Amino acid sequence: MTDYGHDLLFGAFITPVAQPAMQPVEHAIAAEEAGLDLVSFQDHPYQATYHDTWTLLSYIASRTERIRLSGNVLNLPLRDPAVLARSLATLDNLSGGRIELGIGAGGFWDAIAGMGGRRLSAGQSVEALEEAIELIRTVWGTQSRNSAGFAGNYYRVDGVRRGPAPAHDIGIWIGSYGPRMLRLTGRHGDGWLPSLPYLKGGPSDLTEMNRYIDDGARKAGREPSDIRRMLNIGGQIASNSGGFLNGPPEQWIDDLAGLNRDYGISGFILMADDPGLIELYAGEIAPAVRERVAAERGVSSP
Amino acid sequence: MITTTSIAPDRASVRASQADDLGYDLALLQHDSVHADSADIWTLGSWIAGQTDQLQLAVTVADIPRRLPSVLARSVISLDLLSGGRMNLILGENNLSVDAVGSVIEIVRGMMDLSERKALSTGGYFPLRGVKRGPIPAHDVPIWINGAGPEILQLAGQKADSWLAPYQNMRLEDLRIANQFIDQAATDAGRDPREIRRSIVVSGMISDASDTFLQGTTRQWVDDLLPFVLQGGVGTVLLDTSDVDTIDAFAREVVPALQEAIERERPVDSSATRIRRADVRAKRYAGIEYDAVPASLRDSATEPGDVTYPAVRSTYIRAGSPGIVLQARTTAEVVDALAFARRHPDLPLSVRSAGHGISGRSTNQGGIVIDLSQMNEIQVIDEASRVVRLGPGARWMDVAAALQPYGWGLSSGDYGGVGVGGLATAGGIGWLSRKHGLTIDHLKAVDMVLADGSTVRASAEENQDLFWAVRGAGANFGIVVSFEFEAYEVGNIGFGQFVIDAGDTAGFLEKWGATIEASPRDLTSFLIMGPPRRNQPMAAQVLTVVASDDPDTIVDRLQPVANVGPLYNQQVMIMPYAALMANTQGSYHDPGGEPAARSGLIEYITPEFARAAEHLIKSGTVYFFQIRSVGGAVSDVPPDATAYANRSANFSVTAFGPDPERVNQAWDELAVHFNGLYLSFETDQRPERLEDAFPGETLHRLQELKAKWDPENVFRDNFNLTPNVTSG
């Protein structure tokens, strides 16, 4: 039993295909209409058949009214943190506070270097992410009026002009897997955003990963509940059960409620490019999971 | 042409929407360094694209190299796609050397250039290695250079699509000097100086008082600006003001008055047309009069050097390399396009609706393509009689979706991405053909453009002979610009997908054929097979539609099909007909080569044919083998009622293979079993195919009509009916 007590969040992970150009836009609008809380997009700028994720996100924010948006996750090695900070704040203001920052340390280093990005070792990339988060929060920190210099090992800005300030406290959600990244998530993150298909041992891997995050949080003087745990999930609706998240909606409801009860997952982001599935997920599965979790929490926390 | 804009840093989005509503052509977004609150311009531009409809956007990017040029290039393409081709990129010297700006241009253009298959690698300021190019933008995104130094002007002359004066209210004298640098550099680089649009920024007040430059009446604004256009070569005037009244008055009064003055003063022949860059013009084909493209088609025409060419050159399975693709949006534009084509009587001429055509006739090598994809109207004309009007460029999945709310449908083929025009002039063997017949059997009238550019209507009442010919051999007679169909009621359907063992291929085919023939007409079944695969049993994919939403009827109909052989997999769904047709998203076509497709119509799957088919499938000569059931309602129509005359066939057989010679040889051996063919699935250009497609008297009658309606044989590249002429 692990539950960090966050309200539940249901989202979609939509492939940012560039052909047909409007497909991800239409799917995002469908997700909003279906009642989901969040749409999110992977970010692999070396992938030539995809839209630029930030441009797509900005455009979709402009075409929607309610739904929150995030990279899932943005590719730090190919995106300068100072530019990112201003871009996020700009879009957060334009959209009425609907933007979150899903970010990762990067991974496909040959492709990154090919695009003109800096090649880093795994360890360096963790350090770079830590610096980037600090820099981003510095730019957002308009309560301090003096311009701040930032001299890190990876990022250096002379006299950072602060601002614009975001419209809301933008969550920094980190896509992380290894112990160092997980501890960093615990130290600095507002959220954790891994993908279930990347967990070799399936959902049970989450227990140990949570422990690293909790540990990182406590050592930094934070509460483990400061970090919302989310998960990108894929699955299939089928008439008969064929495994985890592969079966009828009732099974999905059991599986998702279980992820909350057993691993404290409170954000369920469905990898789906199928408006029919998005509708079913938002309309039938999500409300039932909310109900189930509320009932279980009611019992266990008197 | 004058384009104008206004932009203030705050409320920029609202301002852009106003400009859009006022009919401004373009908004320029650039960072205002005076304001501390440094909004990200790219984000703002992307947001504004979502708030506006017509307005072009010119976004100034000043934060290179913090923003990687490679990522910028993808962003530029994305925003161009999302905005429907409204994107312009402005680069300047901000923290960059002139050479570095040149490198950025190289990267952005290289990323857009899908005609180059090799990955993008660059040296110099921003080295890239092995970067995959793409996506293809919506249009060749104009790259503007902003700056005044001799070197940056030179770069503008060498590479830019537009030059932007770096400060407000530049004097005409200074503009002329800048122009000299640009013109000289352009000429030295082998370019036409007119390729580079000149843009200035002005500011002032529109008022009754009239004294200094741009401080006065509309009349004075026109007098002040006119010399910049006529003597300074300016094509774009950008208004920089935050005064709402000025923005309004400029759009409503100054722009029309200035346009009028320009038209009055300018020499007549200097119509402001887009001049393609020299590197684009260099890829033109000899023998095509590119500069004679009619004005109505100029903006949408695609040439081999254009960035969008890779998206339009080919069709579903045929790689093409036409010399020009003309996109007609109206009947008048079809007439214009045809007139242009007729100036080139020796070049191939293809007509394309959606470019699925298996026969490959909707693209060519070196010729002209008239693309009708934008003529995609779907309109219910009369609800009581279920008459609908369809444009040739509409896709059948969209037709199905549009008819669904009425409870109607029209059987077409099996793929939603097929266009109306090609299919509805040839036949249409689809999911409901045994119950409802061919697509053409529900055609009531067509409007078409004939070879001489005239427009006629053909139906059972007028030009009956032409109407007869269009239903099966339409491509030989003209370009149909509008179809009128009588739709019929189509509710939910049952769709069975079975994978059935076909180890005994001949036995399976024979049994499947007999089962289908014995089935009621509400069942239509297609089967697909491929060559044997190592360690996998031979199996056939059998897709069957039952035109009923009653589960018992569906099971009753499908059971015999499921019993044809051992099932490896089965799925049965009840779904709207429109959902069955929504089986593609619609990207552009990028096939590898030019495979052969062959067609044959057959009455029964005889043991002899089944054995021959097994031999063909197992030989590996073809990678795709399909049989569609026909018969039923298709056979109710007398053979002489339409130019599609092979009405007795119960099955349509098709195969694709990579090697035309081998496929033809194999297919010729099967010919003895066939009774005609369906042209839409045929690539063989030998003249005998005409006799197969149009048996007996049909061909004779078609040839007589061809002489009447297309005496000069303009429409000759899609199975030419005119005797003794081989098609190109």
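Student: What is the handedness of the crossing of helix 1 of chain A and helix 2 of chain A?

Tutor: A crossing is left-handed if the near helix is turned anticlockwise from the far one by less than a right angle, and right-handed if clockwise. Helix 1 and helix 2 of chain A cross in the right-handed sense. Helices (H or I, at least four residues) and strands (E, at least two) are DSSP runs numbered from the N terminus. This is a predicted model, in which local features need pLDDT of at least 70 and side-chain atom pairs count only at pLDDT 80 or more, while totals for chains, interfaces and linings use all residues. Residues are numbered from 1 along each chain as its sequence is written, chains are lettered from A and ligands numbered from 1 in the order in which they are written, and side-chain values use heavy atoms, with hydrogens and water left out.

Student: At what angle do helix 1 and helix 2 of chain A cross?

Tutor: Two packed helices are described by the angle between their axes and the distance between the axes. Axes are lines fitted to C-alpha atoms, for helices over the stretch in contact, and angles run from 0 to 180 degrees between N-to-C directions. Helix 1 (residues 23–34) and helix 2 (residues 53–63) of chain A cross at roughly 45 degrees, and their axes come within 10 Å. Helix 1 of chain A is therefore oblique to helix 2 of chain A; angles under 35 degrees count as roughly parallel, over 145 as roughly antiparallel, 65 to 115 as roughly perpendicular and the rest as oblique.

Student: Which residues of helix 1 and helix 2 of chain A meet?

Tutor: Contact means heavy atoms within 4.5 Å. From helix 1 of chain A come A:Pro24, A:Val25, A:Ala28 and A:Ile29, and these meet A:Leu56, A:Tyr59, A:Ile60 and A:Arg63 of helix 2 of chain A. By class, this contact has seven nonpolar residues, no polar and one charged. Ala, Val, Leu, Ile, Met, Phe, Trp, Tyr, Cys and Pro count as nonpolar, Asp, Glu, Lys and Arg as charged, and the others, Gly among them, as polar.

Student: How do helix 2 of chain A and helix 2 of chain B pack?

Tutor: Their axes are 7 Å apart, at an angle of about 45 degrees, and helix 2 of chain B covers residues 41–51. The two helices are therefore oblique to each other, and their crossing is right-handed. Among the residues in contact are A:Trp54 and A:Tyr59 of helix 2 of chain A, and B:Trp42 and B:Trp47 of helix 2 of chain B. The residues of this contact divide into six nonpolar, seven polar and one charged.

Student: How many residues does each chain bring to the contact between chain A and chain B?

Tutor: Chain A brings 44 residues and chain B 39. About 3,300 Å² is buried between the chains, and carbon and sulfur atoms give 60% of this. Buried area is the accessible area (1.4 Å probe) that two parts lose on being put together, summed over both. In chain B, the most area is lost to chain A by B:Trp47, B:Arg66 and B:Leu82, together 24% of what that side buries.

Student: In what order do the strands of the open sheet of five strands in chain B stand?

Tutor: Strands of a sheet pair through backbone hydrogen bonds, either parallel or antiparallel. Two strands pair if DSSP finds at least two bridges between them. The order is 15-16-20-18-19 in chain B, with antiparallel pairing. Strand 15 (378–382) and strand 19 (455–459) of chain B are at the edges with a single partner strand each, so one side of each has no neighbour in the sheet. Neighbouring strands are turned by 20 degrees against each other on average, direction ignored. Six bridges pair strand 18 (residues 443–449) with strand 20 (residues 479–486) of chain B, and B:Val446 stands opposite B:Phe483 of strand 20.
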